[in-house]
Amino acid sequence: GQILTNFLDIRQLGSQGQTAENLEKVFKQICEDYGLKLDNLVGICTDGVASMDGNRSGMVTRLKQQYPGLQSFHCCAHRWHLAAEDTIKYNELNQLKKAENVLLQILHMFSTSPKNSALLAETHTLDQTEQMSIKRLCFIRWLSCFQSVKAAKHELIAIQKTLDILILQKNASALGLRSLTTKKKFITSLYIMEPVLELLSNTSKQMQKADLSFDQVEPSVLGCIRRLKALKDSNTIEQSIINE
C-alpha cells in the first residue's frame, strides 16, 4: 500500500507535565479520538528524551510492554543536531560559541527597538544597499542558525555603521556591541559558520523528507562529512575573507 504522512494533532500536557505516565495517557487519548487502534501500531519515532525513551519507564517502554511488536526509533534529524551541538562544546570551538552570543546581542539590539531598526534601514537607504532581515538564532533548528549567520554576515557593515550612529547618541549598549562586531575572531567565525551550517542544514532537511528511507541516512551523513573535510582542506573560507 501507499505510505501517507499526515500531521495528526498537538495537545497540551496539562498540570502533570512531561511524565512518562502522562505522555502515554495523552498519546492513547489522541489515538482513541481519531479511531486509531494501537494493536496496529508497528513503529514510533521520538526525540529520545528520557520521559519518552527511558529504558525503565519511558512512554515507549511502557507501550512496548503492552504491544511487544512495537519498534521505536530516535529521530535521525534530531540525533544529527545533538551530535553537532555536542561538538561545539569542545574548548577548541569556544570562539564559535562566543560568536553565537554576539549574534544574539545583535538580534536584541535591533529587534526590540523600532528606533534602532529604523536607523538600520536608513543606513541601507543612504548606502543604496539591499537589506536582509536579521534572523532569530534558534539552536534547535539548523536552518534558522544558518539563516541567522548568513543575514548577520550580509548586514555586518550596515550594522557597524548604525552602531556608530547610536554611539554618537550616547547609547552605551551600542558601544560595547560595536567593539565585539569588529573583532577579527568574530568576523572569522561568521565566515567559518556560514558554509558549515549550510551543509549541516541541508543534511538535516534531507533527513526530514517524507519519503526518506533509513538506508539513505548513512550515505547522507557520510556525504556531509566528506564535504566538511573538503571545506577544511581547501582555502575557500580564507579566500572569502580576503575577497570581502
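## Helices, strands and the model

Helices (H or I, at least four residues) and strands (E, at least two) are DSSP runs, numbered from the N terminus. This is a predicted model, in which local features need pLDDT of at least 70, side-chain atom pairs count only at pLDDT 80 or more, and totals for chains, interfaces and linings use all residues. Residues are numbered from 1 along each chain as its sequence is written, and side-chain values use heavy atoms, with hydrogens and water left out.

## Domains

The protein chain is assigned domain 1 (20-74) and domain 2 (80-243). These bounds come from an automatic or database domain assignment. Between the C-alpha centres of domain 1 and domain 2 lie 38 Å.

## The cavity

One cavity of 30 Å³ or more turns up in a search of the whole structure. A cavity here is a set of points, on a 1 Å grid over the protein atoms alone, where a 1.4 Å probe fits but cannot get out; lining residues have an atom within 4 Å of a point. The largest cavity has a volume of about 50 Å³, counted as the space filled by probe spheres set on the points, with grid points joined across faces, edges and corners.

Which helices supply at least two lining residues each? They are α5 (94-111) and α7 (142-168). α5 gives the largest share, four residues. The lining includes L103, K135 and S148.

## Strand pairing

β1 (residues 43-46) and β2 (residues 71-74) pair in the parallel sense over four bridges. Pairing takes at least two DSSP bridges between two strands. C45 has F73 in β2 as its bridge partner.

Key: 1 Å grid on protein atoms, 1.4 Å probe; cavity = no way out; pocket = protein on both sides within 12 Å on 5 of 7 lines; lining within 4 Å.
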